[in-house]
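Hi everyone, thanks for coming. Today I'd like to walk you through some charged pairs, so let's bring the model up on the screen.

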Amino acid sequence: MILLKTKEEIENIKISANLLSRAIAEVGRHVRPGVTTSFLDKLGEQFIRDNGGIPLCKGYEGFPSAFCMSVNDVVVHGIPGDIFLKDGDNLSVDCVVDLNGFVSDSCYTFPVGEVSEDMKRLLRVTKEALYIGLDQCKAGNRVGDISCAIQMHCEKNGYSVVRELCGHGVGFKMHESPNVPNYGIKGTGPLLKEGMVIAVEPMVCAGSKNVKFSQEDGWTCRTKDGKMAAHYEHTVAITADGPQILTSFDEIENQ
């Protein structure tokens, strides 16, 4: 069942989203070669808790950390640890925050030090795909309009989108209906209605769309061909005035 939110509830989700956006920006200030992902995770978790929030990933179905920290060919759900970032890496920082019962979800992929032109292009196209998808988040459209727009932009630029994982409803819980795939057919899927809040999150591969999940930890999702991946995500509300993006990359990109 799709849970519609009131204007007041959307404002409360936006407050949660503001904390989440600031937490990812705080982590981003420390992304550099030589830093470990476990250090970044602890720093981000402390920031969230100091500001009254709860990092919902921690303990979710046994996930051990507050943030997913995915490096290079890890598409999503990378577990922070003694992984030292290197010049030329990319790092996707994904987190879900509960603030006073209102839930937001966001991800940003950071370049580490000096990265290749190929890496810069992958990050740029993935972020473009996010905003192209968000443009379709209008009452009267369908989920397939979002999915198709993301897929078409990525594939026309020579990239592929992951099938096994997708965006989703959010706001009261981490995962709500509907699912929001990054591939699909225009004009299909659930109808977008005023009051819906969803997480749109392109997960884009430089090579094949095929992925593999770690047999050791059950979480880490990598590209099967070992090529780079990128991931950006915003929480967005469907309103009478069009899409209202609740999370923000402004503080990340202006620091």
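Which residue forms a salt bridge with Arg124? The partner is Glu128, and their closest N and O atoms are 2.9 Å apart. By salt bridge I mean a side-chain nitrogen of Lys or Arg within 4 Å of a carboxyl oxygen of Asp or Glu.

A quick word on the source: this is a predicted model, where local features need pLDDT of at least 70 and side-chain atom pairs count only at pLDDT 80 or more, while totals for chains, interfaces and linings use all residues. Residues are numbered from 1 along each chain as its sequence is written, and side-chain values use heavy atoms, leaving out hydrogens and water.

Back to our pair. Glu128 and Arg124 sit four residues apart in helix H3, about one turn of the helix. Helices here are DSSP runs (H or I, at least four residues), numbered from the N terminus. Glu128 is partly exposed at 28% relative accessible area, and so is Arg124, at 43%; that label covers values between buried (under 20%) and exposed (over 50%), with a 1.4 Å probe and protein chains only.

Helix H3, residues 117-134, also holds Lys120 and Glu117, three residues apart. Their side chains meet in a salt bridge at 3.3 Å, N to O. Lys120 is partly exposed at 38%, whereas Glu117 is exposed at 59%.

Glu251 forms a salt bridge with Arg29, at 3.2 Å between the closest N and O atoms. Glu251 lies in helix H5, and Arg29 in the loop between helices H1 and H2, 222 residues apart. Together with Glu26, these two residues are linked in a salt-bridge network.

How values were computed: Helices (H or I, at least four residues) and strands (E, at least two) are DSSP runs, numbered from the N terminus.
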